[in-house]
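Visitor: Could you take me through this model, setting each value against the definition behind it?
Guide: Gladly; here it is.

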Amino acid sequence: MIFGNSYLFRVPLWHVLAVALLPWQAFAGKSSECVDRVAPARGHAPSSRVSRPPPKLTAAERKKIASKKYNDLYRKLLADSQYRSVSAEAEGLKAFGAEAGVHPNGVAGVIQLLRNRGNEAVARERKSCGKSFDYSPRLGPVRNQDSVGWCYAFTLADQMSFITGKRISGAAIAVNYNSKYRWIYRLFEPYCGEAEAGWGGTEVEAALLSWKSGLCLESQFPSENNGPGRIYDKIVAIEKARKSGNADTFKACSLNLMPSLKHHDIMEVLRTSSQEELIKSLSDKACTNRVPMPPLKPRYYPSELFSPASLIQKIDEALASGKLPSIAYPSEMLFNADSSIRKSAHASSVVGRKWDTKKNECVYLIRNSYGPGCQQYDRRHECKNGHIWIPKSVLVKGVNSVTVFR
Amino acid sequence: MLRYFVSLLLIALTTSAVAEEKKHKKCEESKIRIETFSEVKTIEEKICYGEEVVNFTSLSCKKQKCSAFKFPKRFYISEFLGPMGTPGFKLCREVGGSPEIVEIFVGGLWYRTDRCLFKDGFVDTDSLLDFYIDREPQL
């Protein structure tokens with residue numbers, strides 16, 4: 001296992017001096033929002049932004065801001081230069097450095113260092129990322145989790161579909177998982193959010209629970225329910241019908257949620273099932289042709305025990321051996337590669353890897369569960385049908401855990 | 001000087017119009033399949049789509065003139081990331097629409113996607129996000 005980053009200990013002395021010469025008090029200030037959050041006027045392009053007029057600053061304030069920008073950029077490039085060339089962006093240090101009062105020779109030295117590191121990284125990465133993988137055609141269209149927080153179940157369903165060759169229901173996995181508790185409360189208790197502790201652990205737990213029951217086919221319990229009644233609306237409607245004793249509504253809603261249910265099965269569930277086990281009981285009746293869980297063990301690699309570089313290595317190893325790894329990560333990085341916000345806990349499978357000749361960097365294919373659109377994501381990420389190619393330098397900053405079935 | 005300014009303005013307007021046209025260039029009669037509580041219904045309606053079929057609008061929303069594009073506020077994406085569901089569905093509700101998963105029939109194929117439905121039209125949630133979202137300030 002690798003802890004920490006050995007590159008940080010190879011920085012030359014003059015480079016450290018160039019950074020140390022910066023006025024450090026500049027970093028005490030809080031960054032301010034630079035855009036007004038006002039919708040564009042009708043007919044404007046969506047990308048148009050309304051900016052506030054820049055405030056008048058004193059020379060000292062300008063120096064502070066430039067110092068902060070210099071430092072932020074330097075840190076970002078230092079991290080990124082482990083995986084890609086940063087030559088073009090490093091030139092940006094010149095302007096910030098000049099305004100921050102850093103000696104030009106120091107800045108030039110820093111730029112040279114970053115350039116060398118980046119070039120070495122490109123040579124190394126190109127070699128290690130030489131073999132491309134793209135398993136997405138084997139999985140069909142991406143899923144859409146609409147209003148539920150079942151990213152872990154959808155991800156597990158993709159992994160199981162990949163292994164078994166059958167389209168596995170993510171909803172059935174989630175219902176099975178939720179049945180462990182009073183499921184209706186569990187349904188609204190998010191895994192895919194900051195409220196739940198233990199990133200990525202739930203996917204493993206869901207897999208272990210599925211071991212006993214087996215896997216349900218998507219055709220018997222569809223994961224994406226359509227129309228104005230989204231999946232949890234339908235589940236809540238079933239609950240209400242059960243409580244009120246309205247058999248017709250109960251039957252109609254149950255059939256709508258799980259089309260393969262038989263009339264007598266629904267009535268039996270209505271008669272015999274407890275409130276807590278209601279959906280689970282329906283799911284058990286609907287999923288008649290269950291697929292046995294493959295005899296594979298989930299291996300869970302959390303960032304608490306593995307360095308980011310080791311986690312990426314686990315992804316590489318899994319892809320190279322024909323396995324589909326899944327990751328827990330903050331979904332902010334899909335929308336803005338530079339975002340410093342890492343709040344949301346999301347899960348997706350990694351279904352490919354290639355060398356991006358334009359970016360000159362290794363990129364990984366994330367199969368998201370937000371539907372097939374690509375406009376919403378950071379335009380710098382290549383995206384097709386809801387699959388997003390994320391650069392290694394971005395992924396390494398966000399990956400919280402990796403799960404592989406071996 | 002004035003001629004120069006007017007020329008520049010014209011070029012800018014034309015470029016913007018061409019870009020917009022490119023985004024939702026084709027409008028044609030299509031089928032939309034929606035599942036409700038009691039039935040799967042298929043409606044026929046004109047939809048407009050661009051390079052990607054899944055980025056589509058109703059004819060009324062083609063030039064961003066329907067109520068889908070009139071909400072007087074922009075958002076940061078982080079406001080919609082967690083804890084439940086997709087950011088597109090959340091944004092749709094926030095701006096007064098009703099999200100739903102649909103299938104649209106274009107060029108002999110069914111595409112499974114979603115839309116945000118308003119009283120005077122609809123747009124897919126992906127395009128809606130693109131319209132309303134400010135990315136977090138970049139470095």
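Guide: Two strands pair if DSSP finds at least two bridges between them, and helices (H or I, at least four residues) and strands (E, at least two) are DSSP runs numbered from the N terminus. This is a predicted model, in which local features need pLDDT of at least 70, side-chain atom pairs count only at pLDDT 80 or more, and totals for chains, interfaces and linings use all residues. Residues are numbered from 1 along each chain as its sequence is written, chains are lettered from A and ligands numbered from 1 in the order in which they are written, and side-chain values use heavy atoms, with hydrogens and water left out.

Visitor: What makes β2(B) and β3(B) a pair?
Guide: Three antiparallel bridges join β2(B) to strand β3 (residues 56-58) of chain B, and the definition asks for at least two. B:Cys48 stands opposite B:Thr57 in β3(B), and six residues lie between the two strands of this hairpin.

Visitor: How do you know that β1 and β2 of chain B pair?
Guide: Between strand β1 (residues 26-35) and strand β2 (residues 40-49) of chain B there are 10 bridges, and the strands run antiparallel; B:Lys26, for instance, has B:Tyr49 in β2(B) as its bridge partner.

Visitor: Why is the contact between A:Arg115 and A:Glu91 called a salt bridge?
Guide: The term requires a side-chain nitrogen of Lys or Arg within 4 Å of a carboxyl oxygen of Asp or Glu, and in this pair the closest N and O atoms are 2.7 Å apart. A:Arg115 lies in helix α5 (residues 104-128) of chain A and A:Glu91 in the loop between α3 (87-90) and α4 (92-100), so the pair ties together parts that are 24 residues apart in sequence.

Visitor: Why does A:Arg115 count as partly exposed?
Guide: Buried means under 20% relative accessible area, exposed over 50%, and partly exposed in between (1.4 Å probe, protein chains only); A:Arg115 has 26% relative accessibility and therefore counts as partly exposed, while A:Glu91, at 31%, is partly exposed.

Visitor: Are A:Arg367 and A:Asp158 buried or exposed?
Guide: Both A:Arg367 and A:Asp158 are buried, and they form a salt bridge with the closest N and O atoms 2.7 Å apart. The pair links distant parts of the chain, with A:Arg367 in strand β5 (residues 361-367) of chain A and A:Asp158 in helix α6 (residues 151-164) of chain A, 209 residues apart.
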